[in-house]
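Here are my notes on the model you sent over.

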Amino acid sequence: MPKQAASAKSTKVSRLEEAIREQRDKLGQLRPNSCYPLLLSNTSIEGHVVDDVYDDLRRNYGVGCDRLDVIVDSGGGDVDAAYNLAQLFRRYGRQRLVFIVPRWAKSAATLLVCGGDSVLMTPVAELGPVDPQITEMNPLERRLEQFSPLHIESTLELIRDEYKAGNKQLADGLMQRLQFPLTLGSYKKSMELGKQYLIKLLSTRMLGGKTHQEVEAVAKRLTEGYADHGFCINLQEAQAIGLEAQELSTEELDIVWEIHRLTRQKSEVERERRRREIEKRIKEIPPELIEKLPSDLFRRPEKQDTASS
Amino acid sequence: MKEHSFDTLSTKIAALLLLHEGEITLTDIEALPLVESQAMAAAIAMRLVEAFSAERSQRKRSKGDISFWEDVIRLRQPGIAPVMA
């Protein structure tokens, strides 16, 4: 890509970042809280993000501040990292911690927002179930399959039914395709982790006035109560299950939505720049490198399971 | 259960870029020809991590007071293809 064009694109990104900064400051004038935008888009919440956020908070607010708003745009990530991040934000929102969701705080990001005193949402904001996701390669059809530990029980039930119906051959075949029992057990256990973290977070801030049973019911709903990991928990649903969720006021909503639109624009500009660069990079690949590709790039490796939320 | 299909050619190109440069970002994968969606890019990224036993981490890519990140897949030993079982 010519230097001049790259520079123009980078200036455009800088302008968009500046516009996001201006909107954040505008929100800061409307609300009595400090404001930290956690705009991850499709980047996972993982350990490196926790490190960087901690650096940012230390730089911006020193050892802590009393009231903090966190604008969250995230599809999720690692549930341990999300819990750690929630605890970190609490140190910087000692009196009041509010999470603001313009569009997405799914999966592990839902656990994160449950760490606040309340969550403010736009009419199209979505939280999501906190059941972990297991990803596995289907070698025959060259695709990745993603499932929840919730599906283990229904699969076992299906096999049981086939045995009961006398379809032994079919049931045996299904049994052979199942994972090692210890692996299945660990998948099921991973659901407990999300629930434990939710109970710890909810019972100490957002639902601090509720009984343990009430908090547990909300945590259970978020981890086991939805048929699909992508379920849209919008404002009404969040309120219905007992979360302290409210809609943003009109003026705040305008600003928060503008931040969302600017963030999307920025991602698109960056993706377009990358598209131009990638063509050049592909041409630079030495042809002999193709011999070095793993022979089983499209086959099932021996150890292939990953769990994330 | 959700299924994420990945295009074979795009996955090969992504794997070659990873081998050649030692790392590839999720944004790079999204920018590859034939990659139609973020879900497809995510599926390719997951496959690369598995096939190369690569490390996946997040890199901050902004210098201002608002942080932005991107996912990076890195070979643990750049330039060396893994010995697969």
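Which residues of α3(B) are buried? Met40(B), Ala41(B), Ala42(B), Ala43(B), Ile44(B), Ala45(B), Met46(B), Arg47(B), Leu48(B), Glu50(B), Ala51(B) and Phe52(B). Keep in mind throughout that this is a predicted model.

1. **The chain B helix.** Let's stay with α3(B) for a moment. The helix covers residues 38-52 of chain B, 15 residues in total. From first C-alpha to last it reaches 21 Å, close to the 21 Å expected at 1.5 Å a residue. It is mostly covered, with 12 of the 15 residues buried. Just after the helix, Ser53(B) takes a positive phi of about 45°.

2. **The chain B sheet.** Three strands of chain B make an open, antiparallel sheet in the order β2-β4-β3. Because β2 and β3 of chain B stand at the edges with a single partner strand each, one side of each has no neighbour in the sheet. From one strand to the next the twist averages 30°.

3. **How those strands pair.** β2 (residues 23-25) and β4 (residues 69-74) of chain B are joined by three bridges and run antiparallel. Glu23(B) has Arg74(B) as its bridge partner in β4(B), and Ile24(B) has Ile73(B). On the other pairing, β3 (residues 55-60) of chain B meets β4(B) over six bridges, again antiparallel. Here Arg56(B) is partnered with Ile73(B).

4. Next, α1 of chain B (residues 8-21). This helix packs on the sheet and touches β2 and β4 of chain B. Its direction makes about 130° with that of β2(B).

5. **Chain A in outline.** Chain A has 10 helices and 10 strands. Of its 309 residues, 38% count as buried. Among contacts with a separation of 6 or more, 75% involve residues 24 or more positions apart. The chain is divided into domain 1 (3-131 + 193-268) and domain 2 (133-186), and the C-alpha centres of these two domains lie 35 Å apart.

6. **The chain A helix to look at.** α3 of chain A runs over residues 79-92, which makes 14 residues. It reaches 20 Å from first C-alpha to last, close to the 20 Å expected. Its buried residues are Val79(A), Ala81(A), Ala82(A), Tyr83(A), Asn84(A), Leu85(A), Ala86(A), Phe89(A) and Tyr92(A). What covers them? The cover includes the helices α2 (47-61), α4 (108-113) and α7 (181-204) of chain A, plus the strands β2 (67-74) and β3 (96-101) of that chain.

7. **The cores.** The largest nonpolar core has 66 residues, and those with the most contacts inside it are Val72(A), Ala82(A), Leu111(A), Leu112(A) and Val113(A). α3(A) gives the largest share of this core, eight residues. There is also a second, separate core of 28 residues, which includes Leu16(B), Leu18(B), Leu26(B) and Ile44(B). Back in chain A, which residues does Ala82(A) touch, leaving aside neighbours within four places in sequence? They are Ile45(A), Gly77(A), Ala108(A), Ala109(A), Leu111(A) and Leu112(A).

8. **Parallel strands in chain A.** β3(A) pairs with β5 (residues 118-121) of chain A in the parallel sense over four bridges, and Ile100(A) stands opposite Leu120(A). β5(A) is also joined by three bridges to β9 (residues 245-247) of chain A, again parallel. There Val119(A) stands opposite Ala245(A).

9. Glu268(A) and Lys292(A) are 24 residues apart in sequence, and their C-alpha atoms are 33 Å apart in space.

Methods: Residues numbered from 1 in each chain as written. Chains lettered and ligands numbered in written order. Predicted model: local features only at pLDDT ≥ 70, side-chain atom pairs only at ≥ 80, totals over all residues. Helix = DSSP H or I, 4+ residues; strand = E, 2+ residues; numbered from the N terminus. Buried ≥ 20, exposed ≤ 12 C-beta atoms within 10 Å, placed from the backbone. Contact = placed C-beta atoms within 7 Å. Expected span 1.5 Å × (residues − 1). Core = buried A, V, L, I, M, F, W, Y, C linked by C-beta atoms within 7 Å. Domains from an automatic or database assignment. Pairing = 2+ DSSP bridges. Axes fitted to C-alpha atoms, helices over the stretch in contact; angles between N-to-C directions.
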